[in-house]
Amino acid sequence: MSFASADNLLDLVEKIIQLKRERDAVILAHNYQSHEIQFVADYVGDTLSLAMLAKNVKQHIIVFCGPDFMVETAKILAPHKTVLYANENAKCPMAAMITREELKTMKEIHPDAKVVGYLNTSAECKCEMDVCCTSSNAVKIVTSLNTKKVIFVPDQNLASYVKRFVPDKEIIAWPGFCTVHQMIQRSDILKLTKAHPHAKILIHPECTPDVVDLAHVVLSTDGMLKYVANSLEKEFIVGTELELINRMMEDNPGKKFYPVEKAFCRTQKKIKLENILNALEILEPRVSFSEDVIERARHPVEKMLAFGRGD
Ligand code: SF4
């Protein structure tokens, strides 16, 4: 990096921090956001912890550095706050894999099933769900349901992971997937295992079942961070988005981490410091939904929050 760009970066960071203070705004950022975004954020976490924070932070302006569905979930939980997309074009491909109409059709085909939906869906889709979940609490939530049949959308890999814990339930999965975790292959993990035979293998449940089979532990991103911090092990193979490794290295200087280099989320990396500054300056783009959508979508999200974390 040249000195000029370092100066520019510093200038942007200073402006953001000052404007954030003037506006009394809070910046929330997902664990997969790039290092400089995490640096200016007030809180960094996984989907579940950020949803909980959005509801409880005292500030009335939230700049959310994450994909569309996370920002929209914040608005659903805090409808009276001004919730700003850091970048409106950061749209999660998995969230776009199912529409409200498609979910309605599934419900018509399986009228006796309860609908569990990943937070990685649109607000419209959430209106058709009984309860939401994240990778942290999906098993806990599906286990708790007093129904035999469960429609699980949109991640087929998370659905198949959940199925391992509830063999007595029929899980009807939508064929969606996270484009980042889907590209992590069994051969990638085996290659890392060969090079680092003593490393613990941490895998995210959005990975395909044959990759999950190789895991020593299967965890959400916050779950992985906690696990690594508390573990006596010194080496870890990490099967999730690349960025998490930087955080692990910073927090655990005595430990070694081996990522799958190609696991890079282009959606999350669309957010730049310039976007945050712009959002704080003009207080746009804002999330906006009709009262009806907020009311209907809030029910399954609140229900999920009552379960808390599962890892
Ligand atoms: Fe969507 Fe996967 Fe990227 Fe998360 S990591 S934003 S689920 S594509």
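Is cysteine 133 buried or exposed? Cysteine 133 counts as buried, at 0% relative accessibility; buried means under 20% relative accessible area, exposed over 50%, and partly exposed in between, with a 1.4 Å probe and protein chains only. Here are some notes to read beside the model.

1. **What you are looking at.** This is a predicted model, in which local features need pLDDT of at least 70 and side-chain atom pairs count only at pLDDT 80 or more, while totals for chains, interfaces and linings use all residues. Residues are numbered from 1 along each chain as its sequence is written, and side-chain values use heavy atoms, leaving out hydrogens and water.

2. **Cysteines.** The structure holds zero disulfides, a disulfide being a pair of cysteine sulfur atoms within 2.5 Å. For cysteine 133, the nearest cysteine sulfur belongs to cysteine 132 and is 7.4 Å away. For cysteine 65, the nearest is that of cysteine 265, 14 Å away. Cysteine 65 is buried too, with a relative accessible area of 0%.

3. **The ligand site.** Around the ligand you will find Tyr32, Pro67, Cys92, Pro93, Met94, Asn120, Cys178, Thr179, Val180, Cys265 and Gln268; a residue is listed here if one of its heavy atoms lies within 4 Å of the ligand. This shell divides into eight nonpolar, three polar and no charged residues. In that count, Ala, Val, Leu, Ile, Met, Phe, Trp, Tyr, Cys and Pro are nonpolar, Asp, Glu, Lys and Arg are charged, and the others, Gly among them, are polar.

4. **Helix α4.** All 10 of the 10 residues of helix α4 (residues 68–77) are buried, so the helix is largely enclosed by the rest of the structure. Helices are DSSP runs of H or I with at least four residues, strands are runs of E with at least two, and both are numbered from the N terminus. Among the buried residues of α4 are Asp68, Glu72 and Lys75, along with Phe69, Met70 and Val71. The cover over α4 includes β1, α3 (47–56), β3 (61–65), β4 (82–85), α6 and α15, where contact means heavy atoms within 4.5 Å.

5. **Helix α13.** In helix α13 (residues 243–251), the buried residues are Glu243, Leu244, Ile245 and Met248. They pack against α2 (35–40), β9, α12 (221–230), β11 (235–239) and β12 (256–259).

6. **Glutamate 128.** Look for glutamate 128 in the loop between α6 (123–126) and β6 (131–133). Glutamate 128 is buried, with a relative accessible area of 5%. Apart from neighbours within four places in sequence, glutamate 128 is in contact with Arg100, Leu103, Lys104, Lys107, Val115 and Arg296.

7. **Lysine 20.** Lysine 20 belongs to helix α1 and is buried, with a relative accessible area of 11%. Leaving out neighbours within four places in sequence, the contacts of lysine 20 are Ala25, Ile27, Val40, Asp42 and Leu280.

8. **Proline 205.** The loop between β9 (200–203) and α11 (209–212) holds proline 205, which is buried at 1% relative accessible area. Its C-alpha atom is separated by 8.6 Å from that of histidine 181, and the two residues are 24 apart along the chain. Beyond neighbours within four places in sequence, proline 205 is in contact with Ser135, Asn157, Leu158, Tyr161, Val218, Leu219 and Ser220.

9. Proline 285 has its place in the loop between α14 (273–282) and α15 (291–307).

10. **Positive phi.** Leucine 283 is found in that loop between α14 and α15 as well, and has a positive phi of about 55° although it is not a glycine. Leucine 283 is buried, with a relative accessible area of 15%. Aspartate 24, in the loop between α1 (3–23) and β1 (25–30), has a positive phi near 55° and is likewise a residue other than glycine. Aspartate 24 is partly exposed, with a relative accessible area of 42%.
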